[in-house]
Amino acid sequence: MLKLVDITQQFGDKILYEKINAQINLGEHVGLIGRNGAGKSTLIKIITGEILPDDGQVVLSPKIHLGYLDQYVNVDETLTIQEFLQSAYAEEFEKEKRIGKLYEEYAESLDDRLLDRAGKLQNELDQGEFYQMETLIDELANGLGISVLGMANRLKNLSGGQRSKVLLAKLLLEKPEILILDEPTNHLDDEHVQWLTQFLKDFSGTFLVVSHDRAFLDQVTTHILDIEFGQLTKYTGNLQKALKQKELRSQTYMRQYEAQQEHIKKTEAYIRKYKAGSRSTMAKSREKQLAKIDRLTPPSDAPKPNIVFPYTAIVAAIALETDQLQVGYQKPLLQPLNLTIRYGEKVALRGFNGIGKSTLIKTLIEEIPALAGSFHFPNYTKINYFSQELAWENPLETPFQYLSNQFPKSNNKELRRQLSRAGLSSQLTQQSLKTLSGGEQTKVKIAQMTMINSNFLILDEPTNHIDQDTKQSLQDALSKFLGTVVVVSHENTFYEEFIDRIIDLG
């Protein structure tokens, strides 16, 4: 179905991959994994033709329709959700129009060939899904939680997350031969992740999916493509099986890499010692041999994340109380809320996408006003907030410059230390924010949080882009934090070990 042939890609001094090859076959359900910054999203863009590789090529089987979930695609925002989803059947609507025209022409000419052509087209419609279209749209809209938005609602009224769900629904209705999905669960809640999981498990076609949600990947994949050490390796089996194979392979690779480094070191020492002496001929010969060595890519220089949220003490029994609180924009999204969160409690907010979880949080941090009712934090509450949006006032700033501007009193050593503890290498701290991957940008935001003393952490979908090591470190940090924690996440496996209570918003 799809072949990657000798793909090489480099950004500045960083080689993402060199002469990588892979093949995706008919019916395979493939997960693409790798650390933040390994080049997963770049590889997706190469496959979809959004960017050209420095070298190599992507080969698709002839007449293959490749469908890509592009969250930034331009759409006609005046369309209703229903109309937009029906546009997945544009080809069938066109056939229906042609049938009508052929009958009109036949009425005038009585040419039987026109009837034959109309009959063939009608047969194609009968054998396809055109007449089940409304049922299929309803099933998808219910499964992904789109129906509750109102099928007559226009695209221009949707939030980014709601729009992503509608784009995903249209892509699934189009049934391309190959589906390319980049983080499809990011804007779905638990219930709709489960629905998408079942849909992809039953999907008879081929797909390539990038996701940091391990439970999701484990259930939907039959093969794994892993980017590591600048190479692409394909494993057979789901994520769990692939990771076992990868561990063995990584150990072998590290032994080979260390042995090669030792050989290079000894050879270089020999050359230095004898280059000008009686053994200069042999030294030059070894120098030539050394130049021909196919050097193994060194392991990632990314530091292991070690996240710690500084705590400032407060004396309080109740961390948050709301009284008939109504949140929303023009109209309330939820029934009046009466919540009580005890001090030191760790709480997960749950509810389907678009219900108002982020709106509630933005109301509590006073980013938007309450529509009615009230809420109360005790005196000396210090809130530390993580927003899921990756938006920067100056995307040309480096992470180091960004933190330096946010915390002008902090010295350079402290800024670099917190960026490193969030899992960013020294090289990445000097790149502009806009060149970083989603996971690397998230790490900058986490580093910012680790420089703020607080006693109330609020995190809105913090795991959307981060790799497993960072996720694990974030879990540990939230578990050890002595203050109150409110977290919104579609990954229940992320929060279920450290939370005390789940609040379901209906």
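Does Lys246 count as buried or exposed, and at what relative accessibility? In this predicted model, Lys246 counts as buried because its relative accessibility is 16%, under the 20% cut-off. The briefing below places this residue among the salt bridges and then turns to one helix and to the domains.

**Salt bridges**
- A search of the whole structure finds 18 salt bridges.
- Lys246 forms a salt bridge with Glu228, with the closest N and O atoms 3.7 Å apart.
- This pair links distant parts of the chain, as Glu228 lies in strand S8 (residues 223-228) and Lys246 in helix H9 (residues 239-274), 18 residues apart.
- Glu228 counts as partly exposed, at 23% relative accessibility.
- Glu174 forms a salt bridge with Lys170, the closest N and O atoms being 2.8 Å apart.
- Both Glu174 and Lys170 belong to helix H6 (residues 160-174), where they are four residues apart, about one turn of the helix.
- Lys170 counts as buried at 17% relative accessibility, whereas Glu174 counts as partly exposed at 26%.

**Helix H3**
- Helix H3 (residues 90-109) has 20 residues and should span 28 Å at 1.5 Å a residue, which agrees with the 28 Å between its end C-alpha atoms.
- The buried residues of H3 are Lys95, Ile99 and Leu102.
- These residues lie on the same side of H3, because they cover an arc of only 65° around the axis.
- Helix H4 (112-127) is included in what covers them.
- Lys97, Lys101, Glu104, Ala107 and Glu108 are exposed on the other side of H3.

**Domains**
- The domain assignment gives domain 1 (252-291) and domain 2 (318-504).
- The C-alpha centres of domain 1 and domain 2 are 51 Å apart.

Key: Residues are numbered from 1 along each chain as its sequence is written. This is a predicted model: local features need pLDDT of at least 70, side-chain atom pairs count only at pLDDT 80 or more; totals for chains, interfaces and linings use all residues. Side-chain values use heavy atoms; hydrogens and water are left out. Domain bounds come from an automatic or database domain assignment. Helices (H or I, at least four residues) and strands (E, at least two) are DSSP runs, numbered from the N terminus. The expected span of a helix is 1.5 Å times one less than its number of residues. Buried means under 20% relative accessible area, exposed over 50%, partly exposed in between (1.4 Å probe, protein chains only). The arc is that of the directions from the helix axis to the C-beta atoms. Contact means heavy atoms within 4.5 Å. A salt bridge is a side-chain nitrogen of Lys or Arg within 4 Å of a carboxyl oxygen of Asp or Glu.
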